[in-house]
Amino acid sequence: MYVCLCNGISDKKIRHSLHHFSPHSFHQLKKFIPVGNQCGKCVRAAREVMEDELMQLPEFKESA
């Protein structure tokens, strides 16, 4: 599903970036993919995808 229409960023692209770059914050994620830098309507959905994916990773499950 497309999360950011302005930049054509899908939830798959966000999930891939989380696994490949391992950003620890949304601000860091924005350095790797251009999400939320145009109209900003996607920021909430992008953060939800990020949080959901991070909760699936074993190292975050142990610390939660």
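Modeller: Serine 10 lies in strand S2. The model is a predicted one.

Colleague: What makes serine 10 count as buried?

Modeller: Its relative accessibility is 17%. Buried means under 20% relative accessible area, so serine 10 counts as buried.

Colleague: Which residues does serine 10 touch, not counting those up to four places away in sequence?

Modeller: Serine 10 touches Met1, Tyr2 and Val3.

Colleague: Why is methionine 1 called exposed?

Modeller: The relative accessible area of methionine 1 is 66%. The class of exposed residues begins over 50%, and methionine 1 is therefore exposed. This residue lies in the segment before strand S1 (2-4). Leaving out residues up to four places away in sequence, methionine 1 touches Ser10 and Asp11.

Colleague: How do you know that the buried residues of H1 are on the same side of the helix?

Modeller: The buried residues in H1 are Asp11, Ile14, Ser17 and Leu18. They cover an arc of only 125° around the axis, so they fall on the same side of H1. In an α-helix there are 3.6 residues a turn, which means that residues three or four places apart point the same way.

Colleague: What is exposed on the other side of H1?

Modeller: Lys12 and His20 are exposed there.

Colleague: What do the buried residues of H1 pack against?

Modeller: They pack against S1, strand S2 (9-10), H2 and H3.

Colleague: Which residues make the contact?

Modeller: H1 contributes Asp11, Ile14, Arg15, Leu18 and His19, and H3 contributes Ala46, Val49, Met50, Asp52 and Glu53. By class, this contact has five nonpolar, one polar and four charged residues.

Colleague: Why is serine 22 called partly exposed?

Modeller: Serine 22 has a relative accessible area of 42%. Buried requires a value under 20% and exposed one over 50%. The 42% of serine 22 lies in between, so the residue is partly exposed.

Colleague: How do you know that isoleucine 33 counts as buried?

Modeller: Isoleucine 33 is at 3% relative accessibility. That is under the 20% limit, so isoleucine 33 counts as buried. The residue lies in the loop between H2 and H3.

Colleague: Which residues is isoleucine 33 in contact with, leaving aside its neighbours within four places in sequence?

Modeller: The contacts of isoleucine 33 are Ile9, Lys13, Ile14 and Ser17. For one of them, lysine 13, the C-alpha atom is separated from that of isoleucine 33 by 8.4 Å, and the two residues are 20 residues apart along the chain.

How values were computed
Residues are numbered from 1 along each chain as its sequence is written. This is a predicted model: local features need pLDDT of at least 70, side-chain atom pairs count only at pLDDT 80 or more; totals for chains, interfaces and linings use all residues. Side-chain values use heavy atoms; hydrogens and water are left out. Helices (H or I, at least four residues) and strands (E, at least two) are DSSP runs, numbered from the N terminus. Buried means under 20% relative accessible area, exposed over 50%, partly exposed in between (1.4 Å probe, protein chains only). Contact means heavy atoms within 4.5 Å. Ala, Val, Leu, Ile, Met, Phe, Trp, Tyr, Cys and Pro count as nonpolar, Asp, Glu, Lys and Arg as charged, and the others, Gly among them, as polar. The arc is that of the directions from the helix axis to the C-beta atoms.
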